[in-house]
Amino acid sequence: NNACNEIGFLIESFNIMAEKLKENENLKQEYEENRKALIANISHDLKTPITAIQGYIEAIQDGIVTSPEKMAQYLEIINNNTVYINHLIDDLFLFSKLDMHQLEFKMESVPIKAYMHDLMTEFSFELQERGFEFHYTDDMAEKYNVVIDRKRIYQVIRNIIGNAIKYGPPGALRLETRLYKSEGFSYLTIRDNGPGIPEDKLPRIFDRFYRVDSERTKDLMSTGLGLSIAKELVEAHGGKVLVESVVGEGSCFTLAIPLSTEKGSGHEAYSDN
Ligand code: ADP
């Protein structure tokens, strides 16, 4: 009976091992497919602006451009395309660093209310200057701290607000942001009155290179990397990025960051790596 049990146990172990190996194999395959898709995407995304740059330079060289206005226009297009390539390479660089766990975070304990106040004042100034409506509501009752890399969280918020500007109604963008606390987390909501995102596309917007409407976003400095980077950066803080959206009404992105359990509002350095 004992021997039977042992054999049964062995068989069971082998089955589990075989299953694990198969899972591993599937993971490897999935990884390999992701990697191939990634390279195809990068190649395509670099090829498009480079082809455009080449075309405009050739036109200038061929003497097609006769007026200074036309020349200025062509140079502007060339410049926009190089800015886009630069932007794409920055994103890719950040992405591969995140992927290889080589991105260094300068973590420190930060009083969230003051941090957000400063940030939102800056955004408010910038956006109102550009003719957009911007509101910030601070419902953070007490002084709480979060352990964050200030620059990275700033980058995440800039990404989300940048999208609202990119996809929102050009002359009539309205942004509403709100800070509050709930169950050990600090929440920042960023609500826009943009076109919204269809429900079936919503779960995919955090995927690498995913664009809801790649035709429409072609000219918008769109890499499809912004939100996937934002998500990874926030997750590295133990937080989350959530989204709700209604087509024709707008989108609302929520940034959840765990509150520090340590008391006090010191600025002592806290090294993660
Ligand atoms: P990118 O903006 O570079 O294309 P993101 O990863 O930042 O990439 O966003 C992915 C996609 O999600 C965008 O291409 C866009 O279609 C959609 N999206 C993101 N933010 C918004 C928004 N505020 N309103 C409408 N669509 C959005």
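1. In this predicted model, helix α2 (residues 68–99) and helix α5 (residues 226–235) have axes that come within 10 Å and cross at roughly 35 degrees. The crossing of these two helices is left-handed. On the α2 side, Asp91, Leu94, Phe95 and Leu98 make the contact, and on the α5 side the partners are Gly226, Ser228, Ile229, Glu232 and Leu233. By class, the residues of this α2–α5 contact comprise 5 nonpolar, 2 polar and 2 charged.

2. Helix α5 also meets helix α4 (residues 150–167), with the two axes coming within 9 Å and crossing at roughly 150 degrees. Angles over 145 degrees count as roughly antiparallel, and α4 and α5 are therefore roughly antiparallel to each other. The passage of α4 across α5 is left-handed. From α4, the residues involved are Arg152, Gln155, Val156, Asn159, Ile160 and Asn163; from α5, they are Gly226, Leu227, Ala230, Leu233 and Val234. This contact contains 6 nonpolar, 4 polar and 1 charged residues.

3. The pairing of helix α3 (residues 112–129) with α4 has axes that come within 12 Å and cross at roughly 35 degrees. Here the crossing is right-handed. Helix α3 contributes Tyr115, Met116, Leu119, Met120, Glu122, Phe123, Glu126 and Leu127, while α4 contributes Arg150, Ile153, Tyr154, Ile157, Arg158, Ile161 and Ile165. The class composition of this contact is 11 nonpolar, no polar and 4 charged residues.

4. Turning to the ligand, 18 residues lie around it, and those that come nearest are Tyr167, Ser222, Thr223, Gly224 and Leu227.

5. For Lys166, the side chain supplies the N or O atom, at 2.9 Å from a ligand oxygen.

Conventions
Residues are numbered from 1 along each chain as its sequence is written. This is a predicted model: local features need pLDDT of at least 70, side-chain atom pairs count only at pLDDT 80 or more; totals for chains, interfaces and linings use all residues. Side-chain values use heavy atoms; hydrogens and water are left out. Axes are lines fitted to C-alpha atoms, for helices over the stretch in contact, and angles run from 0 to 180 degrees between N-to-C directions. Helices (H or I, at least four residues) and strands (E, at least two) are DSSP runs, numbered from the N terminus. Angles under 35 degrees count as roughly parallel, over 145 as roughly antiparallel, 65 to 115 as roughly perpendicular and the rest as oblique. A crossing is left-handed if the near helix is turned anticlockwise from the far one by less than a right angle, and right-handed if clockwise. Contact means heavy atoms within 4.5 Å. Ala, Val, Leu, Ile, Met, Phe, Trp, Tyr, Cys and Pro count as nonpolar, Asp, Glu, Lys and Arg as charged, and the others, Gly among them, as polar. A residue is near a molecule or strand if one of its heavy atoms lies within 4 Å of it. A polar contact is a pair of N or O atoms within 3.5 Å; within protein, one must be able to donate a hydrogen and the other to accept it, and residues adjacent in sequence count only if both atoms are side-chain atoms.
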